[in-house]
Amino acid sequence: YGAGVIGRYTALSEEYPEVTAFHTVRINQPAGWFYSSKALRTLCDIWDKHGSGLLNVHGSTGDFVLLGTTSEQLEDCFTDYSNAGWDLGGSSSDMRTPSCCNGMARCEFACFDTMALCHDLTMTYQDELHRPAFPYKFKIKISGCPNDCVASIARSDLSIQGTWKDEIQVDQAEVLAYAKAGMDINAEITGMCPTACMTFDGKTMKINNHECNRC
């Protein structure tokens with residue numbers, strides 16, 4: 001591998017010999033960040049054995065980040081994680097570890113299976129993840145709907161977001177129920193539409209689908 005470990009050295013090794021090397025290790029996280037308590041204990045036990053015990057769960061990279069180990073410990077650390085079923089994540093000028101929201105596993109707004117796509121991309125681009133060959137890093141983040149809970153637009157180079165097919169379905173009875181309960185539909189919903197594609201006449205909500213940008 002040429003990625004997954006970030007070398008950290010100090011120029012003041014004589015003054016601070018304990019942190020002459022304090023490397024960062026990135027572990028490829030499961031899609032949707034689902035961990036069992038057993039998996040977390042395994043990750044932490046191996047890190048206590050080979051590193052400082054400090055964690056950054058999760059950084060903006062998406063990986064399970066382990067802070068602080070020495071060069072002598074790296075190979076054995078990687079071997080123990082590999083034997084336990086874990087792999088290193090991306091770092092440096094490569095394709096970084098893809099990440100996604102937990103999508104259909106927990107969210108009613110997910111428009112597709114984000115975790116399945118994240119897993120597929122991770123397995124497909126193993127070489128690009130582990131062997132830096134790009135002029136700069138490249139990030140893929142996947143959101144199941146336009147709410148974009150993983151901030152894919154702000155934090156990735158390839159933002160994948162789910163959206164719906166066909167025309168928007170409106171439950172007119174539910175809209176009227178909200179209006180009767182005191183909600184100002186025009187002020188709080190249709191009037192907030194950035195493309196002004198929505199109207200409400202007191203009885204029916206209408207949406208011009210061709211003007212909707214699906215926010």
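Modeller: **The largest nonpolar core**

Twelve residues make up the largest nonpolar core: Val25, Ile27, Ala39, Leu43, Ile46, Trp47, Phe64, Leu66, Cys77, Tyr81, Trp86 and Leu88. A nonpolar core here is a set of buried Ala, Val, Leu, Ile, Met, Phe, Trp, Tyr and Cys residues joined through side-chain atoms within 4.5 Å. Buried means under 20% relative accessible area, exposed means over 50%, and partly exposed is in between, using a 1.4 Å probe and protein chains only. The model is predicted, and local features need pLDDT of at least 70, side-chain atom pairs count only at pLDDT 80 or more, and totals for chains, interfaces and linings use all residues. Residues are numbered from 1 along each chain as its sequence is written, and side-chain values use heavy atoms, with hydrogens and water left out.

At least two residues of this core come from each of β2 (24-27), α1 (37-50), β4 (64-69) and α2 (71-83). Helices (H or I, at least four residues) and strands (E, at least two) are DSSP runs, numbered from the N terminus. Helix α1 gives the largest share of the core, four residues. In soluble globular proteins, nonpolar side chains tend to be buried together.

Another core, of seven residues, lies apart from the largest one and includes Cys118, Leu129, Ile140 and Ile142.

Val65 and Ile27 are 38 residues apart in sequence, while their C-alpha atoms are 6.3 Å apart in space. Thr69 also has its place in strand β4, and with a relative accessible area of 4% it is buried. Leaving aside its neighbours within four places in sequence, Thr69 touches Ala21, Phe22, His23, Val25, Trp47, His50, Gly51 and Leu74, in the sense of contact given above. Between the C-alpha atoms of Thr69 and Ala154, which are 85 residues apart along the chain, the separation is 31 Å.

Helix α2 holds Asp80. Asp80 is partly exposed, at 22% relative accessibility. Apart from neighbours within four places in sequence, Asp80 is in contact with Ile46, Lys49 and His50. The C-alpha atoms of Asp80 and Thr42 are separated by 9.9 Å, and these residues are 38 apart along the chain.

Trp33 lies in the loop between β2 and α1 and is partly exposed, at 32% relative accessibility. Its phi is near 60°, a positive value in a residue other than glycine. Ser92 is in the loop between α2 and β5 (99-100); it is not a glycine, yet it has a positive phi of about 65°. The relative accessible area of Ser92 is 41%, so it counts as partly exposed.

The wider setting comes next. The chain is divided into domain 1 (5-161) and domain 2 (172-211), with bounds taken from an automatic or database domain assignment. Their centres, taken over C-alpha atoms, are 43 Å apart. The largest pocket lies between the two domains, because both give residues to its lining. A pocket is an open set of points on a 1 Å grid over the protein atoms alone where a 1.4 Å probe fits, with protein on both sides within 12 Å along at least five of seven lines; lining residues have an atom within 4 Å of a point.

The largest pocket contains about 690 Å³ of space, a volume being the space filled by probe spheres set on the points. It is lined by 27 residues, of which Trp164, Ile168, Ile189, Met198 and Ile207 are closest to its centre. Helix α6 (172-180) and strand β9 (205-207) are the elements that give two or more residues to this lining, and α6 has the largest share, three residues.

Terms used
Contact means heavy atoms within 4.5 Å.
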